[in-house]
Amino acid sequence: MYKYSISILGTGFIGLCSAACFSNKDVKVLASTHNENKAKMINDGKAPFFEANLQEIMEEVKKNNPELLQCLTDPVKAVLETDISMITQGTPMRNDKSIDLSFIESTAREIGEALKIKDKYHLVVVRSTVVPGTTRNLVGKIITEVSGKEPGKDFGLSMQPEFLAEGRSIEDTLHPDRIVIGGIDNKSGDMLQEFYEYFYGDHLQICPILRMNLESAELVKYGNNCLLSTKISYANEFANFAELVPNIDIAQVMKGVGLDYRLNSRFLNAGVGFGGSCFHKDVNAIKAWSKSKGYTSRLLEAVLDINDDQAIHIVDMAEELAGKLAGKKITLLGLAFKPGTDDMREAASIRVVNELLKRNVTDIVGYDPKANETAEVEMGKKIKYAKSITEALKDSECALIITEWDEFKELKPEDFIKHMKTANLVDGRRIYDYGKFIEKLSFRAIGRTALK
Ligand code: UDX
């Protein structure tokens with residue numbers, strides 16, 4: 001018997017990273033997915049998607065204690081055989097940009113089915129990003145409806161948002177900076193806190209546990225993603241100010257701003273805009289939610305508009321250098337939404353390509369060290385995909401840096417001159433030394449213009 005047994009319903013980034021880390025620390029985990037292939041892979045100790053260090057942890061568990069991490073295709077069984085259930089399903093964006101809670105809903109039903117036949121107290125924890133009210137009014141109510149059991153009496157209900165960033169999910173799971181626990185009552189929160197006191201041990205000396213109600217906990221997650229997105233759009237707005245007169249460098253400006261003890265410099269890098277699976281989805285979700293309650297967010301509207309406009313702006317910069325782009329070969333260096341991943345969700349490259357197509361540019365070639373294949377799934381034949389930087393630059397009349405991969409940072413002005421037909425370069429991520437590049441190339445960079 002293990003001290004803690006947890007079912008994890010949903011095997012995406014949050015679910016599987018938690019499952020792997022928990023099971024590696026003597027917690028009995030029953031993960032659950034309806035995808036049989038995925039379940040088989042997990043049971044074979046193989047990560048079904050790439051995330052730094054996930055595979056290694058899964059292998060360790062498989063080698064040392066395989067019964068600790070099992071994946072079922074039967075969520076009801078997973079709930080019945082554990083004491084705590086975590087809902088880690090995706091909450092995608094609907095076509096109207098509001099949140100799609102259908103996976104949360106069906107999982108709540110499955111938990112309800114299990115609790116109908118379970119006598120023991122069970123704790124249900126929502127870990128997915130959900131708009132305020134969802135845990136109490138959707139998850140809690142559905143479980144009660146299906147099981148006939150009462151929250152706060154027969155089962156506990158908690159909400160614990162996660163703050164994982166892709167590429168850092170394992171590190172963020174093992175060493176969070178805070179743990180937010182919302183509870184329908186003290187008992188629900190206490191039970192989850194007790195588990196984390198066991199799991200994190202000494203780490204809690206530098207990681208506060210914040211206790212609050214369900215709705216506040218739900219809003220914390222949006223508070224984070226909206227503020228981080230706002231910081232980026234704020235830096236991009238200032239980058240646009242910086243370009244109004246010669247010789248301002250946005251990177252130096254934001255460094256100066258970020259050193260204020262009340263702020264910090266993180267997420268103040270101006271560029272071609274944010275992407276990824278969370279920022280757009282979550283900013284849009286909370287914006288749509290607040291509108292449905294009668295309040296229209298002007299701030300978040302601006303955050304999204306500024307972000308979209310950066311893609312148009314970078315194409316304008318390219319036209320300033322190269323003239324009308326239609327009929328010319330244009331190169332995009334970097335396609336993924338950030339370095340270190342092949343994830344193309346909401347990537348800035350997609351918006352840039354769409355803008356180029358609008359301007360009748362048809363000869364676009366992209367190169368990404370990791371994301372060529374996923375980019376092809378996303379953008380198909382809208383662009384061509386090069387196998388190397390050299391191939392991407394060959395005969396090109398303008399190159400745009402879209403993702404700040406290390407291998408692009410190593411390029412010198414001579415590399416662009418050597419391979420391109422005309423060496424026009426737009427640095428959309430501020431990776432190059434402005435002085436050195438402007439000397440040798442026809443060059444523009446976000447948030448920086450030359451001294452005239
Ligand atoms: C983000 C949050 O960081 C994480 O806490 C949350 O749980 C999920 O969403 P992620 O989407 O993995 O994580 O990536 P992140 O590293 O935050 O970057 C998001 C986007 O912002 C990237 O496209 C990145 O290029 C962009 N970005 C980031 C900037 O444009 N400027 C910056 O200063 C920082």
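What is the volume of the second largest pocket? In this predicted model, the second largest pocket has a volume of about 270 Å³. Its lining consists of 16 residues, and those that lie nearest the centre of the pocket are Met93, Lys97, His280, Asp308 and Glu346. Helix H11 (279–292), helix H12 (298–322) and helix H13 (348–358) each contribute at least two residues to this lining, with H12 giving the most, namely four residues.

The ligand has 18 residues around it, of which Leu164, Glu166, Asn269, Gly275 and Phe337 come nearest. By class, this shell comprises ten nonpolar, five charged and three polar residues. Helix H9 (residues 214–242) supplies the largest share of the shell, three residues. Because domain 1 (5–212) and domain 2 (243–445) both give residues to the shell around the ligand, the ligand lies between them.

A polar backbone atom of asparagine 269 is 2.9 Å from an oxygen atom of the ligand, and a backbone N or O atom of leucine 268 lies 3.4 Å from a ligand oxygen atom. In arginine 429, by contrast, it is an N or O atom of the side chain that is found 3.2 Å from an oxygen atom of the ligand. On its own the ligand has 670 Å² of accessible area, and the protein covers 90% of that area.

Key. Residues are numbered from 1 along each chain as its sequence is written. This is a predicted model: local features need pLDDT of at least 70, side-chain atom pairs count only at pLDDT 80 or more; totals for chains, interfaces and linings use all residues. Side-chain values use heavy atoms; hydrogens and water are left out. A residue is near a molecule or strand if one of its heavy atoms lies within 4 Å of it. A polar contact is a pair of N or O atoms within 3.5 Å; within protein, one must be able to donate a hydrogen and the other to accept it, and residues adjacent in sequence count only if both atoms are side-chain atoms. Accessible areas come from the Shrake-Rupley method with a 1.4 Å probe; for residues, only the protein chains shown count as cover. Ala, Val, Leu, Ile, Met, Phe, Trp, Tyr, Cys and Pro count as nonpolar, Asp, Glu, Lys and Arg as charged, and the others, Gly among them, as polar. Domain bounds come from an automatic or database domain assignment. On a 1 Å grid over the protein atoms alone, a cavity is a set of points where a 1.4 Å probe fits but cannot get out, and a pocket is an open set with protein on both sides within 12 Å along at least five of seven lines; lining residues have an atom within 4 Å of a point. Grid points are joined across faces, edges and corners, and a volume is the space filled by probe spheres set on the points.
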